[in-house]
Amino acid sequence: MAMAGSAVGLGNIWRFPYMVGEHGGAAFIIVYIICCLLVSLPIFFAESIIGKATRKDTFGALGTLAPRQRNVGFVAILASFVILSFYSVVGGWSIDYLIRSLGGSFSGRSIAEAREVFAAMSASSVENVSCMLVFLGLTALIVGAGVEKGIGRFSKISMPVLFIMVVMIAVVSLSLPGAGKGVEYLVKPDFSKLDGPAIAAALGQSFFSLSLGVGTILTYSSYMKEEDSILATGGWTAFFDTVFALIAGFAIMPAVFAAGIEPAAGPSLVFETLPVIFSQMGKVLPVVFFLAILIAALSSSISMLEVVVAWLVDQKKMRRSHAVLAVFGAAALLGSACAVAPRVFSACDFFSSNVLMMIGALAFAMIVGWKMPREEVLRYVRYRFVYWLIRYAAPVMILAIAVTNLV
Ligand code: PHE
């Protein structure tokens with residue numbers, strides 16, 4: 001559940017549905033699933049093997065398996081930290097909007113008015129920073145409570161609840177007059193849109209969505225029970241993540257089309273269009289929607305914080321509570337910069353997903369594919385072709401997307 005919680009996040013809600021529509025509907029979904037199976041899932045297994053085999057934090061684990069490459073562990077930890085910082089800003093917005101929708105502040109508003117509300121909120125440094133701090137504080141509280149009592153317990157309760165909420169929104173959304181066009185946007189296959197950038201987008205999205213390359217899967221795997229299967233955990237996580245992304249698509253796009261609005265991605269969709277559309281259907285739906293976003297974001301942010309905390313506890317021998325506090329303080333600083341300066345926000349976003357994440361993913365795949373004894377890897381993944389995917393397909397594809405995205 002914790003792995004699924006890390007995977008299911010803002011990436012599923014505000015990027016996936018839009019990407020599907022932009023890149024050819026069902027055709028893109030098929031490519032996305034193939035990318036997951038052939039590239040992302042093998043990388044997931046690799047990262048998981050490193051964690052389970054060493055039972056250490058990201059830096060310590062690489063130090064054990066590949067001492068000369070251990071500094072890549074830092075890159076991954078840094079990536080988690082950077083993502084945590086800008087992710088918390090959006091998490092903060094969801095808190096802000098949850099409070100607003102509890103007060104019914106979107107009912108009777110037009111989308112143009114909602115746009116003004118969002119612009120005013122994101123321009124207000126005080127509001128932005130304080131909501132970000134509340135979100136980061138909640139993240140720290142959960143992580144501070146411990147791996148089992150905090151992260152584990154939160155995930156076990158929140159994931160099923162989140163699932164029910166999103167299914168509920170999808171049912172309402174699909175029953176709206178005019179919803180059919182949204183369904184068409186998501187499923188009508190258009191193979192002519194499947195070009196190189198579409199495939200790179202599918203791969204990049206599946207990386208981010210499965211939380212790969214930044215040490216979260218590694219760190220969580222280091223807490224796995226001996227008898228837990230890496231194949232099953234990875235397979236279920238990817239399955240759940242994809243199903244959740246699809247349901248989120250059916251919760252969002254039919255409502256957008258029923259209201260006669262052009263679909264978009266990111267903040268404008270979640271914070272401008274949807275609150276207005278959902279408010280037209282009563283007071284409860286917007287509250288459920290923003291609560292769902294908050295839970296999805298929290299279950300991801302705790303996994304990012306845990307990566308850095310695990311490193312401080314294992315390597316720097318800090319007490320867990322002190323480590324949580326230290327990372328909270330540092331992330332609060334970078335998060336504040338992201339909250340007040342949109343340029344810092346996008347730089348953090350771009351740099352972490354296009355550079356740091358790729359370096360981490362490449363290193364994890366190469367270490368398992370080329371450094372670890374083959375027999376040992378096979379003990380975890382059982383099938384020879386999975387080993388070949390980790391050894392050859394994954395590194396080649398990571399380099400290919402990195403090049404496509406950066407040039
Ligand atoms: N997978 C999360 C999402 O889809 C984001 C994430 C990235 C979480 C990296 C942890 C680490 O939103």
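Colleague: Where is S301 found?

Modeller: S301 sits in helix 14. Keep in mind that this is a predicted model.

Colleague: Is S301 buried or exposed?

Modeller: Buried: its relative accessible area is 0%, and the cut-off for buried is under 20%.

Colleague: What lies 3.1 Å from a polar atom of the S301 side chain?

Modeller: That's the backbone oxygen of L298.

Colleague: And which residues is S301 in contact with, leaving aside neighbours within four places in sequence?

Modeller: L84, Y87, F135 and T139.

Colleague: What about S173, where is that one found?

Modeller: S173 belongs to helix 8, which covers residues 147–174. S173 counts as buried, at 1% relative accessibility.

Colleague: Which backbone oxygen lies 3.0 Å from a polar atom of the S173 side chain?

Modeller: The one of A251. A251 is also on the list of residues in contact with S173 once neighbours within four places are set aside, along with A179, F250, I252, P254 and A255.

Colleague: How many residues of helix 10 are buried?

Modeller: 11 of its 14, so helix 10 is mostly covered. Among them are L203, Q205, F207 and F208.

Colleague: What does F207 touch, not counting residues up to four places away?

Modeller: V39, S40, I43, L212, M357, M358, A361, I398 and I401. F207 is also one of the residues with the most contacts inside the largest nonpolar core, together with L162, F271 and V381.

Colleague: How many residues does that largest nonpolar core have?

Modeller: 151. Helix 14, residues 284–315, supplies the largest share, with 20 residues.

Colleague: Back to the end of helix 10. What happens just after it?

Modeller: S211 takes a positive phi of about 60° there. S211 is in the loop between helix 10 and helix 11, the latter being 216–221, and S211 is buried, with a relative accessible area of 9%.

Colleague: Is R382 buried or exposed?

Modeller: Exposed, at 57% relative accessible area.

Colleague: OK, zooming out. How many helices and strands are there in the protein chain?

Modeller: 18 helices and 0 strands. The radius of gyration is 20 Å, close to the 22 Å that the globule rule gives for 407 residues, so the chain is as compact as a globular protein of that length.

Colleague: What box do the C-alpha atoms fill?

Modeller: Roughly 60 × 50 × 40 Å, along the principal axes.

Colleague: What share of the residues counts as buried?

Modeller: 57% of the 407. The accessible surface comes to about 15,900 Å², and 67% of that belongs to carbon and sulfur atoms.

Colleague: Last one: of the contacts with a separation of 6 or more, what share is between residues 24 or more positions apart?

Modeller: 83% of them.

Technical notes:
Residues numbered from 1 in each chain as written. Predicted model: local features only at pLDDT ≥ 70, side-chain atom pairs only at ≥ 80, totals over all residues. Heavy atoms only, no water. Buried < 20%, exposed > 50% of the residue type's maximum accessible area, 1.4 Å probe, protein only. Helix = DSSP H or I, 4+ residues; strand = E, 2+ residues; numbered from the N terminus. Core = buried A, V, L, I, M, F, W, Y, C linked by side-chain atoms within 4.5 Å. Contact = heavy atoms within 4.5 Å. Polar contact = N/O pair within 3.5 Å; in protein donor to acceptor, adjacent residues only side chain to side chain. Rg over C-alpha atoms; globule rule 2.2 N^0.38 Å. Areas by Shrake-Rupley, 256 points an atom, 1.4 Å probe, with all protein chains shown as cover.
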